[in-house]
Amino acid sequence: MALLDDWRAVAYNTQADKKKLQQFWSDYFLKEKAIYEQLLKASDDVVKGTVKELAQKYDVTVQTMTGFLDGINDSLKEKNPIETMEEDTEVNLGFDKVLLYKNMVDAKADWLYGLEEWKTIFDEKTRKELYLEAKKMNTIVRPKKIGRNDPCPCGSGKKYKFCHGRTPELQKELEELLAARGE
């Protein structure tokens, strides 16, 4: 069984005692924070090694390092083979600073995007801009719903219910028309 499967079996065990699972995650988040503090201090250095070597370097278990690698993988310039990695698999921690910061915000990990080390990487204005960009990434903007008695958006001057609102086929035609116009 690959390391990632072992990690997920423990970390996302729905059968586990809730208090033990909460304690597991509390402990993990503290270790994760410590690793990020060290990584961000040396942000221009690409850290490489086997999973086991990195676990030793950051003084964590192989299982904890596996969880860390799972979490950071989407922020790396070069992805690691996390699905198949074993203790002796070569991995890297070469992260994209902007992407990492945004992913931390997206994950609502304030203990990570609020680290002091970010202040040496990005000024306050940049951090605020990145924060807002990350928040907007998951914002869904729904188009204004057309009321039955509103004028039809096709421009005919008729009420929607007497124009494109009459049948599903006409509604589909209107959606295509509006999409073509960029609305």
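Q: In which hand does H2 pass H4?
A: H2 passes H4 in a right-handed crossing. Helices here are DSSP runs of H or I with at least four residues, strands are runs of E with at least two, and both are numbered from the N terminus.

Q: What kind of model is this, and how are residues numbered and side chains treated?
A: This is a predicted model, in which local features need pLDDT of at least 70 and side-chain atom pairs count only at pLDDT 80 or more, while totals for chains, interfaces and linings use all residues. Residues are numbered from 1 along each chain as its sequence is written, and side-chain values use heavy atoms, with hydrogens and water left out.

Q: What makes H2 roughly perpendicular to H4?
A: The two helices pack at an angle of about 65°, with axes 10 Å apart. Axes are lines fitted to C-alpha atoms, for helices over the stretch in contact, and angles run from 0 to 180 degrees between N-to-C directions. Under 35 degrees counts as roughly parallel, over 145 as roughly antiparallel, 65 to 115 as roughly perpendicular and the rest as oblique. H2 is therefore called roughly perpendicular to H4.

Q: Which residues make the contact between H2 and H4?
A: From H2 come Phe24, Tyr28, Lys31, Glu32, Ile35, Tyr36 and Leu39, and from H4 come Gln63, Thr64, Met65, Gly67, Phe68 and Ile72. Contact means heavy atoms within 4.5 Å. By class, eight of these residues are nonpolar, three polar and two charged. Ala, Val, Leu, Ile, Met, Phe, Trp, Tyr, Cys and Pro count as nonpolar, Asp, Glu, Lys and Arg as charged, and the others, Gly among them, as polar.

Q: Why are H1 and H4 called roughly perpendicular?
A: Their angle is about 95°, with the axes 9 Å apart. That angle makes H1 and H4 roughly perpendicular to each other. In this contact, Leu3, Leu4, Asp6, Trp7, Arg8 and Val10 of H1 meet Val62, Gln63, Thr64, Thr66, Gly67 and Asp70 of H4.

Q: Why is H5 called oblique to H8?
A: Their axes come within 9 Å and cross at roughly 60°. That angle makes H5 oblique to H8. The crossing is right-handed. Val98, Tyr101, Lys102 and Val105 of H5 meet a set in H8 that includes Arg127, Leu130 and Tyr131.

Q: What makes Thr66 a buried residue?
A: Thr66, in helix H4, has 0% relative accessibility, so Thr66 counts as buried. Buried means under 20% relative accessible area, exposed over 50%, and partly exposed in between, using a 1.4 Å probe and protein chains only. Beyond four places away in sequence, Thr66 touches Leu3, Leu4, Trp7, Val51 and Met85.

Q: Which residues have the most contacts inside the largest nonpolar core?
A: They are Tyr36, Leu39, Met65, Phe68, Ile72, Leu93 and Trp118, in a core of 41 residues. H2 gives the most to this core, with seven residues. A nonpolar core is a set of buried Ala, Val, Leu, Ile, Met, Phe, Trp, Tyr and Cys residues joined through side-chain atoms within 4.5 Å. Ile72 touches Tyr36, Leu39, Leu93, Phe95 and Leu100, leaving out residues up to four places away in sequence. A second, separate core has five residues, among them Cys152, Tyr160, Cys163 and Leu178.

Q: How do you know that Phe95 is buried?
A: The relative accessible area of Phe95 is 4%, so Phe95 is buried. Phe95 is found in the loop between strand S2 (90-92) and H5.

Q: What makes Ile146 partly exposed?
A: Ile146 has 29% relative accessibility, so Ile146 counts as partly exposed. Ile146 lies in the loop between H8 and helix H9 (168-181) and touches Pro153, Tyr160 and Leu174, not counting residues up to four places away in sequence.

Q: Why do Asp59 and Lys108 count as exposed?
A: Asp59 has a relative accessible area of 70% and is therefore exposed, and Lys108, at 61%, counts as exposed too. Asp59 lies in the loop between H3 and H4, and Lys108 in the loop between H5 and H6.

Q: What is the phi of Asp59 and of Lys108?
A: Phi is near 55° for Asp59, a positive value in a residue other than glycine, and near 60° for Lys108, also positive. Most residues other than glycine have a negative phi.

Notes:
A crossing is left-handed if the near helix is turned anticlockwise from the far one by less than a right angle, and right-handed if clockwise.
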